[in-house]
Amino acid sequence: MSKNTGINYIHDQIKCLLDSLTEDDYKRDLPILGHVSISKHLRHVYEFYKLINDARHNRVIDYSLRKRNEDFENSISIAKSYLQIMFNEISEIDFTTNLIVVNDEIDSDKILEFKSSFGRELMYAFDHAIHHL
């Protein structure tokens, strides 16, 4: 499998889904999804990839710092645009480059740091996306 196969697969799946929805369908809370909309699920997937993409600059990821992008949730065309830009940028990442994943320890002020790589974190994002799609 080439390094971009998983990225392209997820991007294609999301594009296909978005192309099949109306704006109302995209934003409607669905009982089968725990009374959450498709737009919120896709925004959540986007956030993980976005954090990985942003880590190109400082090589640090903190998944607890995800930012909810309401524009993404409220417009299919905006979501498509954000996804296209982000997935294009991610495809340029050297997957062997090391990075650090940080996390706050529960019930403590201590911050934990874990060695990782872009490839490993993209595998995590891929598995996480499959769960939500």
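Tyr9 is partly exposed, with a relative accessible area of 41%. Here, buried means under 20% relative accessible area, exposed means over 50%, and partly exposed lies in between (1.4 Å probe, protein chains only). Phe126, at 25% relative accessibility, is also partly exposed.

The model you are looking at is predicted, so local features need pLDDT of at least 70, side-chain atom pairs count only at pLDDT 80 or more, and totals for chains, interfaces and linings use all residues. Residues are numbered from 1 along each chain as its sequence is written, and side-chain values use heavy atoms, leaving out hydrogens and water.

Now to the rings. The structure holds seven aromatic pairs; rings of Phe, Tyr and Trp (its six-membered ring) pair if their centres lie within 6.5 Å, and planes under 30 degrees apart count as stacked, over 60 as edge-to-face and the rest as tilted. Two of them are set out here.

| Pair | Centre to centre | Angle between planes | Kind |
|---|---|---|---|
| Tyr9 and Phe126 | 6.1 Å | 50 degrees | tilted |
| Tyr46 and Phe72 | 4.8 Å | 20 degrees | stacked |

Tyr9 lies in helix H1 and Phe126 in helix H6, so their pair ties together parts 117 residues apart in sequence. Helices (H or I, at least four residues) are DSSP runs, numbered from the N terminus. Tyr46 in helix H3 and Phe72 in helix H4 (residues 70-74) are 26 residues apart.

Technical notes: Helices (H or I, at least four residues) and strands (E, at least two) are DSSP runs, numbered from the N terminus.
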